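Welcome! Have a look at the structure below before reading on.

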Amino acid sequence: MTKDELDSYLLQLACVAQRHPPHSQERQIALTKLIHSIVRFGNLWYPSKSQFFSNVQDIYNEARQELFLYICQNIDKYNPERGTVLVWVNVLLERRFFKDTLRKNLSHSSVTKMTLTDLDNLALPEESKDLTEIVKECIESDPEDIFKNEYMEQCPQATFQALAMLRMSGKSWKEISAEFEMKVPTVSSFYYRCLKKLSPKLKEYCENQVY
């Protein structure tokens with residue numbers, strides 16, 4: 001199975017699961033196939049050699065089980081517009097469940113070779129960067145000048161690129177609209193229209209960065 005075929009198959013299973021209510025037989029079957037396929041065919045993230053210490057395998061296995069439980073309980077949180085199923089899964093495994101499990105073990109003093117500071121300073125492989133960081137880099141670099149060329153006629157400096165960067169820096173719509181001296185619904189509606197329009201291109205950029 002090629003990577004594209006696997007991505008398509010996992011997306012199909014995730015969408016089937018999302019279409020059926022929790023605890024339904026159809027949803028459970030789709031989730032079982034999804035987890036089985038991820039384990040069998042997926043290239044799941046694994047700690048680099050620089051992160052090896054005495055019980056890393058036990059911690060990794062525990063984190064993986066927590067991940068699979070989360071997927072089964074929260075498959076509705078997967079958004080295909082933000083990346084493939086495997087990107088979603090690997091980001092969760094590396095940035096959330098492995099770290100959480102490691103911290104839990106550290107708190108029980110079962111690991112003594114690594115501190116929490118060391119954990120935060122771990123060198124992350126390029127392909128596993130946080131999705132938000134990848135999206136931010138794509139919008140900021142704007143190699144085809146697509147994002148800066150979408151702007152509000154009544155306020156040309158209010159480009160999609162500018163609005164997106166402000167949103168990702170944590171600014172509220174109230175703060176952003178005040179900065180451009182416009183009403184909140186006017187600015188936010190423009191932003192979401194652009195986001196819908198530009199999502200395919202943004203997804204393409206992000207996938208190129210991830211892979």
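A residue is called buried when its relative accessible area is under 20%, exposed when it is over 50%, and partly exposed in between, using a 1.4 Å probe and protein chains only. This is a predicted model, in which local features need pLDDT of at least 70 and side-chain atom pairs count only at pLDDT 80 or more, while totals for chains, interfaces and linings use all residues. Residues are numbered from 1 along each chain as its sequence is written, and side-chain values use heavy atoms, with hydrogens and water left out.

## The cores

A nonpolar core is a set of buried Ala, Val, Leu, Ile, Met, Phe, Trp, Tyr and Cys residues joined through side-chain atoms within 4.5 Å. In soluble globular proteins, nonpolar side chains tend to be buried together. Here the largest nonpolar core has 31 residues, and Leu-34, Ile-38, Ile-71 and Ile-75 have the most contacts inside it. Two or more residues of this core come from each of the helices H1 (3-19), H2 (25-41), H3 (56-74) and H4 (85-107). Helices are DSSP runs of H or I with at least four residues, strands are runs of E with at least two, and both are numbered from the N terminus. Which helix gives the most to this core? The answer is H4, with 9 residues.

Contact means heavy atoms within 4.5 Å. Beyond its neighbours within four places in sequence, Ile-75 is in contact with several residues, including Ala-14, Leu-31, Tyr-70 and Trp-88. Another core lies apart from the largest one; it has 23 residues, among them Ile-134, Ile-139, Phe-180 and Phe-190.

## Charged pairs

Side chains of opposite charge can pair when their charged atoms come close. A salt bridge is a side-chain nitrogen of Lys or Arg within 4 Å of a carboxyl oxygen of Asp or Glu. The whole structure holds 5 salt bridges, and the table shows some of them.

| Asp-7 | Lys-3 | 2.9 Å |

Asp-7 and Lys-3 are 4 residues apart in helix H1, so about one helical turn separates them. Asp-7 is buried at 13% relative accessibility, whereas Lys-3 is partly exposed at 39%.

Is Arg-27 buried or exposed? At 4% relative accessibility, Arg-27 is buried, while Asp-76 is partly exposed at 47%.

Salt bridges with shared partners join them and Asp-142 into one network.

## Rings

Rings of Phe, Tyr and Trp (its six-membered ring) pair if their centres lie within 6.5 Å; planes under 30 degrees apart count as stacked, over 60 as edge-to-face and the rest as tilted. The whole structure has 6 aromatic pairs. In one of these, the ring centres of Phe-147 and Phe-160 are 5.8 Å apart and the planes are at 50°, so the pair is tilted. Phe-147 lies in the loop between helix H6 (131-141) and strand E1 (151-152), and Phe-160 in helix H7, so the pair ties together parts that are 13 residues apart in sequence. Phe-147 is buried at 0% relative accessibility, and Phe-160 is buried at 0% too. Together with Tyr-191, Phe-147 and Phe-160 form one aromatic cluster.
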